[in-house]
Amino acid sequence: ARAMALAPDELVYARVDLIDVDGQPTLMELELIEPDLFLRTAPGSVDRFAAAVAAALDSPATNIPE
């Protein structure tokens, strides 16, 4: 949650990989893009991802000037 709170905007996708270092969860990787989202492995995932991207683009915080 602390790593995600540092993101400048709400993210559509993120993966946080943690490892245990002396009993403390420690950030190993914060992945904000994924070249293969494995959309083919979960029915409906393409539609859900497309809807999330469309919603993010419609958000006032992420509107891109024309």
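Asp17 is found in strand 1; strands are DSSP runs of E of at least two residues, helices are runs of H or I of at least four, and both are numbered from the N terminus. The model is predicted: local features need pLDDT of at least 70, side-chain atom pairs count only at pLDDT 80 or more, and totals for chains, interfaces and linings use all residues. Residues are numbered from 1 along each chain as its sequence is written, and side-chain values use heavy atoms, with hydrogens and water left out.

Asp17 has a relative accessible area of 17%. This residue is therefore buried (under 20%, with a 1.4 Å probe and protein chains only). Beyond four places in sequence, Asp17 touches Thr26, Leu27, Met28 and Glu29 (heavy atoms within 4.5 Å). The C-alpha atoms of Asp17 and Leu30 lie 6.4 Å apart, across 13 residues of sequence. The Asp17 side chain also makes a polar contact with the side chain of Arg15, at 2.8 Å (N or O atoms within 3.5 Å, one able to donate a hydrogen and the other to accept it; for residues adjacent in sequence, both must be side-chain atoms).

The largest pocket has a volume of about 190 Å³. A pocket is an open set of points on a 1 Å grid over the protein atoms alone, with protein on both sides within 12 Å along at least five of seven lines; lining residues have an atom within 4 Å of a point. Volume is the space filled by probe spheres set on the points. The lining consists of Ala1, Arg2, Ala3, Val16, Leu18, Pro25, Thr26 and Leu27. Helix 1 (2-5), strand 1 (15-21) and strand 2 (24-31) each give two or more residues. Strand 2 provides the largest share, three residues.

Terms used. 1 Å grid on protein atoms, 1.4 Å probe; cavity = no way out; pocket = protein on both sides within 12 Å on 5 of 7 lines; lining within 4 Å. Buried < 20%, exposed > 50% of the residue type's maximum accessible area, 1.4 Å probe, protein only.
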